Amino acid sequence: MIETLLTVLVVLLCCGVAYAVAAARVVKQYERGVVFRLGRLRREVRQPGFTMIVPAVDRLRKVNLQIVTLPVPAQEGITRDNVTVRVDAVVYFKVVSPADAVVAVEDYRFAVSQMAQTSLRSIIGKSDLDDLLSNREKLNQGLELMIDSPAVGWGVHIDRVEIKDVSLPETMKRSMARQAEADRERRARVINADAEFQASRKLADAAGEMSRQPAALQLRLLQTVVAVAAEKNSTLVLPFPVELLRFLERAQQPAAPPPADGSTGATANGPSADDSAAYGSPADEPVAEPSAATPAGAPSAGRAPARAGALAGATARRAAGQAPAPTARARTQGAPARAGGEAGPSAVASRDERRDDGR
């Protein structure tokens with residue numbers, strides 16, 4: 001009897017242990033337990049920790065409440081401006097209602113993935129290429145709303161959606177590269193033109209300042225020579241001032257020859273060279289009428305030799321103590337120039353011949 005009783009107790013104890021082992025469940029902190037009793041959903045959601053169910057009657061299903069990172073496969077579509085692109089994205093979501101996530105949808109992960117793909121295709125067709133490349137935040141918000149609307153009934157909350165990459169055709173990449181290069185070249189030309197304009201204004205101001213101070217141009221020329229010489233070049237190019245060329249041109253101009261009748265160069269409009277040299281007054285340029293001995297078209301002698309001879313004669317008479325030879329200060333109309341007295345017969349004859357030739 002006692003042995004039978006002990007055997008029954010041992011059997012009951014073993015059954016109790018087996019029942020406890022079969023009914024015991026452990027729910028983790030990030031999980032929630034949904035219990036189905038004979039196929040009916042128990043509204044009570046099992047919290048994290050140790051819990052018990054009825055073996056062979058209850059069925060416990062654990063639901064993860066962590067944020068799930070779901071990559072969306074690349075979707076190929078045509079944008080609103082007729083550009084073919086491939087766009088992939090990533091969806092972050094979590095379960096907020098374990099019962100709805102188990103009952104309302106068969107597989108909420110697969111459902112969210114398919115909804116994300118269809119929403120991504122819709123966003124591609126409604127957007128331009130520039131929006132996909134530069135205005136992604138707005139597209140992300142629109143994509144999040146499109147996925148979150150049906151996911152609310154599944155007990156799923158879409159935390160955020162991010163467009164990860166936009167793949168363009170090679171032809172479009174080359175076109176965009178050419179566009180960017182042209183835009184940068186345009187900006188470079190504008191900046192260069194602006195710099196040239198500012199430099200030209202500064203150079204104009206510098207030229208105006210140098211025109212008021214002629215010595216500044218010479219100093220600038222010397223600075224340029226020093227700068228070029230510092231380069232250790234074998235050839236030195238030195239600019240030649242135009243003012244020096246004009247000075248040499250004036251010095252090489254031909255002068256009128258002295259009169260053939262031996263006069264000292266008296267003119268009808270002013271004093272002679274001797275008087276000018278003797279009294280220190282400036283003499284006008286000598287004007288001598290062509291004599292019969294001088295052929296027409298023959299080149300006249302320079303002014304410098306005539307003036308030098310007149311100065312030498314005046315100096316010699318002053319050294320000898322003689323008075324300067326009187327000359328004619330003015331000539332009446334038709335009267336010949338005289339050098340210290342009346343003209344000789346040869347001078348009168350030459351004058352008559354020139355007058356006849358002129359008539």
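Where pLDDT is low, the predicted coordinates should not be read in detail.

Quick housekeeping. This is a predicted model, where local features need pLDDT of at least 70 and side-chain atom pairs count only at 80 or more, while totals for chains, interfaces and linings use all residues. Residues are numbered from 1 along each chain as its sequence is written, and side-chain values use heavy atoms, leaving out hydrogens and water.

The protein chain averages 74, with 66% of the residues scoring at least 70. Helices (H or I, at least four residues) and strands (E, at least two) are DSSP runs, numbered from the N terminus.

Now, strand 7. It sits in an open, antiparallel three-stranded sheet ordered 6-7-8; strands pair if DSSP finds at least two bridges between them. Nine bridges join strand 6 to strand 7, and Leu70 stands opposite Val91 in strand 7.

What lies across strand 6, strand 7 and strand 8? That's helix 3, running at about 35° to strand 6. Angles run from 0 to 180 degrees between N-to-C directions, with axes fitted to C-alpha atoms, for helices over the stretch in contact.

Technical notes: pLDDT = per-residue confidence, 0-100. Contact = heavy atoms within 4.5 Å.
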